[in-house]
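Hi everyone, thanks for coming. Let's walk through a few residues together, and please have a look at the picture before I start.

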Amino acid sequence: MGGGECRSNDYGAAAYWDARYSSPSPSSTATTGGGGGAFFDWYQAYPALRPLLRARLPASSRVLMLGCGNSLLSEDMVKDGYEEVVNVDISSVVIEQMREKHMDVRDMSLFGDGTFDCVLDKGTLDAMMCGDDAPLGASKMLAEVARILRPGGIYMLITYGCPKERVQLLYQSGSHKKIELYIMPTPGYQLKWSKGVSLAQPIMEEVSLTVDGQLPPDYVLKDPESHFIYICKKPDAANEANSVVANEGETITSK
């Protein structure tokens, strides 16, 4: 996947992922020991995401890993002190390999309202946008994410989708009132930029969205394949109580 666009409708199907995780390693960058004999991290691994996660999530947070695959992200978070990370995925094959719970992210009725402090999504929304029922399936997933987040909780989305392709969809969930954006070049670009020397700190840039939720008109992506990281905060109970609907489609927030 890349460029924010779907390259295959297969990415949205459970059968595709069952077959993928039953086959040998999908990449030479995979690490021995998971589905098909290897773990594999899409997009970014934990060391690159750690500064942002540590700044936003206390170790006591209850975290849901949406579409865990056979990534090491959950394991690395636990090793780093996170106390509770729950894994779900549409593929029963990879879930059996990871020994957790099989679940379709469009229906997470197993979890009650306000169950999690954070939902982490590293490529799952991108896969949903490739499904036969996209964008309806993606909208259902985001509605479930909003439901299971506690007031004040965050949905952290790591995606190839630029603001033009993702921000409106995120706001349509009806819960995420505040969205922050970080942009991170791919690991390959960062390694090339540093002339083959691993960086002590990954390149991560906070970008202020325009009023209509887009990139500034003069903003230029250094790496065309950059990953976009959206931090969507669900309003807390107090803010929800102070918000009144004046007219259909218009909301006024008291101060």
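Predicted model: local features only at pLDDT ≥ 70, side-chain atom pairs only at ≥ 80, totals over all residues.

Take K222: its relative accessible area is 54%, so K222 is exposed. Its salt-bridge partner is E205, with the closest N and O atoms 3.5 Å apart. E205 sits in strand β9, K222 is in the loop between β9 and β10, and 17 residues separate the two. E205 itself is partly exposed, at 30%.

How many salt bridges does the whole structure have? A search finds 12. Another one pairs R54 with D80, and here the closest N and O atoms are 3.2 Å apart. R54 belongs to helix α2, while D80 is in the loop between α3 and β4, so this pair ties together parts that are 26 residues apart in sequence. Through shared partners, R50, R54 and D80 join into one network.

Then there's K79 with E75, at 3.0 Å between the closest N and O atoms. Both lie in helix α3, four residues apart, which is about one turn of the helix.

A polar atom of the S61 side chain lies 2.9 Å from the backbone oxygen of P58. Leaving out residues up to four places away in sequence, S61 touches E84 and D117.

That's my tour, thanks!

Conventions: Residues numbered from 1 in each chain as written. Heavy atoms only, no water. Polar contact = N/O pair within 3.5 Å; in protein donor to acceptor, adjacent residues only side chain to side chain. Contact = heavy atoms within 4.5 Å. Salt bridge = Lys/Arg side-chain N within 4 Å of Asp/Glu carboxyl O. Buried < 20%, exposed > 50% of the residue type's maximum accessible area, 1.4 Å probe, protein only.
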